[in-house]
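Morning, everyone. Let me put the model up, and then I'll walk you through it.

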Amino acid sequence: MTAQVVEALVHAAIKFAILVPGFVLALAALMSWIERRQSAMIQDRVGPNRASIGGVRAWGLFHIIADTLKFALKENIVPRGSNPLLFRLAPFMAMAPALIVFAVMPVGPTNRWVVSNLDVGILFIFAIGSLSVYGATIAGWSSNNNFSLLGALRVSAQMISYEVSLALNLVGVFMVFGSINLQTIIEGQGALLGGVLPKWGIVVQPVAFFLFLAASIAETKRTPFDAPEGEPELVSGYFTEYSGLALATWFLTEFAAVIMVAMMATAVFFGGWQIPWLPPTPALVATWWFQIACVMAFFAKTLFFVWVQMQLRWTLLRMRYDQIMTMGWKYILPISLANVLVTGLFLLLTR
Amino acid sequence: MSTVTCTIDGVSVTVEKGTTILEAARTVGIEVPHFCYHPALSIAANCRMCLVHVEKARNPLPACHATVADGMVVDTASEKTKHLQEAVLEFILVNHPVDCPVCDQAGECRLQDYYRDYSARPSRLDVPKVGKPKAKPLGPNVILDAERCILCTRCVRFTEEISKDFQLQTIGRGNHTEIDTFPGTEFDSAYSLNTVDICPVGALTSRDFRFKKRVWLLSRHETVCAGCARGCASFVDHADNTVYRYVPRYNPYVNDHWMCDAGRLRFHELQDHRLRSVMNRDAKGDAEPSVGETLERIAEALRLTENGRLGILLSPSLSNEDIYALRRFGKEAMGARFYVGGRAPGDADEILVMADKNANRLGLETLVSKAALKSLDALAKDLGSGAIDVLLIAGEHELSDAVIEAIDKAAHVVALTNLDAPWLRAVDRVLPTPQTFEYDGTYVSATGRVQRFERGVQPGPSVKPAWELVCKLAKLYGYADLDFASVRSIFKEISLGEAAFRGMNWKALRPFGAQLAGVAETMSPTIHARAGKH
Amino acid sequence: MKQPLRPKSERAKPFERREMTFAEKLFYPAIWEGLKVTTKHLVENIFGRKHTVTLEYPEVQRPYPERFRGQHRLMQRDDGSPRCVACMCCSTACPSNCITIVAGERPEETIEKFPMRFEIDLLKCIYCGMCVEACPCDAIRMDSGVHPKPTYNRQAAIIDKEGLLAAGAKTIATQGGTFGSRVAGHLKKHI
Ligand code: SF4
Ligand code: SF4
Ligand code: SF4
Ligand code: SF4
Ligand code: FES
């Protein structure tokens, strides 16, 4: 019994270590470069391309290293009058939940490819994910800065508002697939509708997908929902006072959240690791190359959604804070409710 | 006196008989260009700049010299006259170096102005100009650039008619005529700098002001020279909060167009030896004590002083408003005894300089009656006998060692003064007050002329006029009646309450001031000298 | 002062606001349009830099315009002393008040005034060239073509007389000009 537990824990730890630092954090670091180069290209600029090692520029990829070094070498300033303990703790309070949620994400067809295949998978993500609002709020409050505090207030209000819609949007999917276990949902999307169309979440729940995308971007506090950072009015929102590696932590957290949203969209609406028109028969699943192909498919879809979010960020304008709130409570929430209702009725009638 | 009527540029002008065309034109606002004419000097009519055409006259006439006659038709602005003016300017410029960039007169030069207004043509000259000495010191204060001289002889006539020391003359002939002193003498007249003012070009420049500042960068404020009891009306020219020169201001009742060199240059002393900071004998540390806290201490000491045991040593160099505020506070709140000190007397002459070197003795004696003002000897005696506990010294004083020693003995000595002086060592607290060119006020000259002066430069932050300090002190002391917000309000009260000042109006003190009641109106001595001339 | 009311035809027209249609309120179509634009730029800039406008500075340099003047310099007389006579015309003309001149006297010379200090604060200077226009002595010129360099402190951006003179050269212009003799013939008929 104990040996089993220990073995399971060790396995989980190894998988987590491969997934999170190996994929998520690496991608997050890369995103700091992608974000700037992509925005530059969108805006007809060139973007950072100067960092070089021995004259090799590699499209500015070394900026990632340069930035990390720079962040590491800067002073970690703790403002006077702040609460130093909470101020230092806050980035980690936001970072930890943002990383823990990856534990239940199945990136491949068998249990081998998920750190912990929880039956309450999605609920776990919501439960843990919503904890990161504390990090942001505490960061703003402990900074002893009015701008930070305003940013923190906006964060807390915005994240709590959109969490409701976010969860409601997924309810329709749960109803269709009859489970909240992510692996079960993904497996459910392997079927073909009428023999041609993959039964992906987006196909069965199109409305929910678009609302989910909006709500989840609001959860990550990125444009057009980045009022909590709102540079023109709030300097930098709740992390105004952060510097050095603490500031880098905030960026990593944000990028991790972006990846999480991309993975959720992939898993719930885009068939997860499913390869379209290649149903995972048990025989296929048993082969290692199929498993690898599935994992690749999952990451490819994830990368696509990461790209979509970046593209959105550099396409849209920031919304006013009241517009964000109106949108959340007056449009997304009622429409999601209606969506759940219609789905329920449909299921009832077609049973 | 009979009058004549003539027409100048189509305007009919009626003037006294014997008036020159130039002066007649001035009465209707027509300006005839001129170099050698000066209203306070005799007419030389040698520059020919003022040539005008007169109908029926064969030749053009010099307007500064020709007198108007009945029915005369003068033309000062037609093409014909313009041609005359152009030609005269061209002649004057034949040997003029036109080194305006290095010339101190540039900006206030008549030749520059007239060239722009009446000629503005390029030179046709292609022969070398006649060279003459440049930058040749004529005396301690004046330097000559003979090339720039247009030989108007204003300077020569000044030394003959006003300063009467005949120090300048023209030497040489024709192109080579120059202004110079007699061999072996130098131009050391006490009024030499006036020639710099009247020289229409940059031939005579002030050695003191030379190259210090371009004149167009100067700001100008009306002031009164506090060098002696004459109180010459003058302008203070300043820039960057620094005084650069004093220039006389025309006032026929006081100084005419002139002022003495010593008075002009006195601002150096006032500027270099002025007090800037509050001093407190019992202050601790290096920080300068504030005006407010020092006044607080003084008020404390005054509250402990019995009525009649405060002495106030007044200077006849204080402004009327300072004296009035001090008198009211001293008399009404403290029952103080008043003493008079001031600057020691010096030399005098028949022109402007007076022996009394205090600008406002008459004002002091009018506002605090002469009988109430006790001498410095009386002060020393009162200090010795312990009749006064607190001594307040206001204004500029030159005190003998005996008096300083006596002051040293007083329990508490406070000074509101502007200049560093030996007697300050006997003083416990010093509050700096502004110089004449740093605040607003009025003086009464020895001839009874009440004149206004205004602030030119800003004194430092701790420098406050004596009246303001006294008003603040009165408030801290607990005497609320003395509550003036401005010099104007004090002067208004003086003009309402003091018989000699009755009816005077602050604004109407410009430009020539007002005459003190009971003192006969006199004209400037230089005007007496000129009466009946021409 | 109160402005007189303009005729109606010239007045600004109030913007007519209209309710958004349902399709517009959805935003998704608009977002889609936006994404199309940005994606187009992204793709075209990645493959071929079609729209990229950035000049990559040290490698690529924009040519200076023909009339670029550059930093000031002080011209010299034959003996190497400044032609400047400290007349203050330039500092008076300077709209940004960045020229500081302290005049001195050279008793032994014919031109007795000279600048003891002559400093230009390049941080204040707006490179308008008024000083050059104003100079009666061809003493200050802006024809060096030297771009002002960035400095580590403000003091270093003030160039003094020595620095200005070092950039200068001797000039053959005659002090006072030769205008008179050159145009005399032309003027004869005018006078
Ligand atoms: S006197 Fe007048 S015209 Fe002659 S050099 Fe001086 S400023 Fe110029
Ligand atoms: S020095 Fe001046 S005042 Fe004297 S004659 Fe010459 S120009 Fe006239
Ligand atoms: S270029 Fe213009 S701003 Fe610069 S020093 Fe000359 S006048 Fe002044
Ligand atoms: S304008 Fe020319 S001569 Fe005059 S101060 Fe300036 S540089 Fe010197
Ligand atoms: S002013 Fe009349 S001749 Fe000089």
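Start with burial: a residue is buried under 20% relative accessible area, exposed over 50%, and partly exposed in between, with a 1.4 Å probe and protein chains only. By that cut-off B:M504 is buried, because its relative accessible area is 10%.

Ground rules next. This is a predicted model, so local features need pLDDT of at least 70 and side-chain atom pairs count only at pLDDT 80 or more, while totals for chains, interfaces and linings use all residues. Residues are numbered from 1 along each chain as its sequence is written, chains are lettered from A and ligands numbered from 1 in the order in which they are written, and side-chain values use heavy atoms, leaving out hydrogens and water.

Back to B:M504. Where is it? In the loop between helix 13 (487-497) and strand 23 (514-515) of chain B. Helices (H or I, at least four residues) and strands (E, at least two) are DSSP runs, numbered from the N terminus. Contact means heavy atoms within 4.5 Å. Not counting residues up to four places away in sequence, B:M504 touches B:V450, B:F491, B:S495, B:A514, B:Q515 and B:L516. Take B:L516: it sits 12 residues from B:M504 along the chain, and their C-alpha atoms are 9.0 Å apart.

Next, B:R429. It belongs to strand 20 (residues 429-432) of chain B. Buried or exposed? B:R429 counts as buried, because its relative accessibility is 6%. Its side chain makes a polar contact with the side chain of B:N280, at 2.4 Å. A polar contact is a pair of N or O atoms within 3.5 Å; within protein, one must be able to donate a hydrogen and the other to accept it, and residues adjacent in sequence count only if both atoms are side-chain atoms. Leaving aside neighbours within four places in sequence, the residues in contact with B:R429 include B:D282, B:R297 and B:H412.

Now strand 3 (residues 51-54) of chain B. Both faces are covered: B:L51 and B:H53 on one side, B:V52 and B:V54 on the other, all buried. Two strands pair if DSSP finds at least two bridges between them. Strand 3 runs antiparallel to strand 4 (residues 61-62) of chain B, with 2 bridges. There, B:L51 has B:P62 as its bridge partner. The hairpin of strands 3 and 4 of chain B has 6 residues between the strands, and B:K56 takes a positive phi near 75°. Strand 3 is also antiparallel to strand 5 (residues 73-75) of chain B, again with 2 bridges. In that pairing, B:V54 partners B:V74.

On to cores. A nonpolar core is a set of buried Ala, Val, Leu, Ile, Met, Phe, Trp, Tyr and Cys residues joined through side-chain atoms within 4.5 Å. The largest has 74 residues, and A:M105 and A:F269 are among those with the most contacts inside it. Helix 11 (residues 244-269) of chain A gives the most to this core, 12 residues. A second, separate core of 53 residues includes B:L302 and B:A514.

Last, ligand 4 and the chains. Near means a heavy atom within 4 Å. Ligand 4 has 14 residues around it, with C:C84 and C:M88 among the closest. How does that shell divide? Into 14 nonpolar, no polar and no charged. Ala, Val, Leu, Ile, Met, Phe, Trp, Tyr, Cys and Pro count as nonpolar, Asp, Glu, Lys and Arg as charged, and the others, Gly among them, as polar. No contact joins chains A and B; their closest C-alpha atoms lie 30 Å apart.
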